[in-house]
Amino acid sequence: MTAVVQKTVLTGCLAPIDKNGLEQLIASGKANPKVVKTLKCKTVAEGKFRHANYIRNLPPYIVDEPPGLLGDDTAPNPSEASLAALGSCLAVGLHANAVHRGWIVNKLELELEGDLNITAVWGTGDTSDKPVGFTDVRVKVDMACEGVSQDEINALVDHVKKWSPVANTFTRPVNLEVGI
């Protein structure tokens, strides 16, 4: 009973994280710092601009376009999905680091917005020289932890941004191969 109470106390109003499991992940990462895991996704076009993405044994993750981009508006579009991935990755990092520090997290919300020029219409429209994809992404973190100062939370946000896999994908070049 004590372990369950401890897990709940460490995470405040958020669903508990297994602190022992987190510590094991930390130890494993330190013991094997060069391990690389390959993630996989199979994307299947369903019609119009709706796609089913198959990841592990999960139900398909649907991506679509809004009506303004000729889709049926049944799911986030690819750029929105990338913002969701960024927000989720940052939130996981914030939550894990807070629990690792023994902080009680009472609130964790992130608001993301990104600016992109879509006039190239996937390479079929205005293909003049301009940035393709997000040019600016803004993330606002609203995090409250019992007895933790805003300065400490700000330092945690900076730390998590540095170590987030998805944030790093947004901020540094990545080798990308697309072929048949």
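**View 1. Aromatic pairs, with Phe49 and Trp122 in focus.** Across the whole structure, a search turns up two aromatic pairs; rings of Phe, Tyr and Trp (its six-membered ring) count as a pair if their centres lie within 6.5 Å, with planes under 30 degrees apart called stacked, over 60 edge-to-face and the rest tilted. This is a predicted model, in which local features need pLDDT of at least 70 and side-chain atom pairs count only at pLDDT 80 or more, while totals for chains, interfaces and linings use all residues. Residues are numbered from 1 along each chain as its sequence is written, and side-chain values use heavy atoms, with hydrogens and water left out. What is the geometry of the rings of Phe49 and Trp122? Their centres are 5.0 Å apart and their planes meet at 50°, so this pair is tilted. The two partners come from distant parts of the chain, 73 residues apart: Phe49 belongs to the loop between strand S1 (42-47) and strand S2 (50-54), and Trp122 to the loop between strand S4 (105-117) and strand S5 (133-145). Helices (H or I, at least four residues) and strands (E, at least two) are DSSP runs, numbered from the N terminus. Phe49 has 32% relative accessibility and counts as partly exposed (buried means under 20% relative accessible area, exposed over 50%, partly exposed in between, with a 1.4 Å probe and protein chains only).

**View 2. Arg101 over the face of Trp103.** Here Arg101 sits 5.9 Å from the ring centre of Trp103. The criterion is that NZ of Lys or CZ of Arg is within 6 Å of the ring centre and within 35 degrees of the ring normal.

**View 3. The open sheet S1-S2-S3.** Three strands line up in that order with antiparallel pairing, where two strands pair if DSSP finds at least two bridges between them. S1 and strand S3 (61-63) are the edge strands, each pairing on one side only. On average, neighbouring strands of this sheet are turned by 25° against each other, direction ignored. Five bridges connect S1 and S2, and Lys42 stands opposite Tyr54 in S2. Their hairpin has two residues between the strands, and Lys48 in the turn has a positive phi of about 50°. S2 and S3 are joined by three bridges, with His51 opposite Val63 in S3. This second hairpin has six residues between its strands, and Arg56 takes a positive phi near 50°.

**View 4. Helix H2 (residues 19-31) packed on helix H3 (residues 78-100).** The helices pack at an angle of about 100°, their axes 10 Å apart; that makes H2 roughly perpendicular to H3. Axes are lines fitted to C-alpha atoms, for helices over the stretch in contact, and angles run from 0 to 180 degrees between N-to-C directions. Angles under 35 degrees count as roughly parallel, over 145 as roughly antiparallel, 65 to 115 as roughly perpendicular and the rest as oblique. Lys19, Leu22, Glu23 and Ile26 in H2 meet Ala96, Val99 and His100 in H3, contact being heavy atoms within 4.5 Å.

**View 5. Ser164 and Val166.** Leaving out residues up to four places away in sequence, Ser164 touches Cys89 and Leu90. Val166 lies in helix H5 (residues 165-171) and is partly exposed at 22% relative accessible area. Beyond its neighbours within four places in sequence, Val166 contacts Ala85, Leu86 and Cys89. The C-alpha atoms of Val166 and Leu90 are 7.9 Å apart, with 76 residues of separation along the chain.
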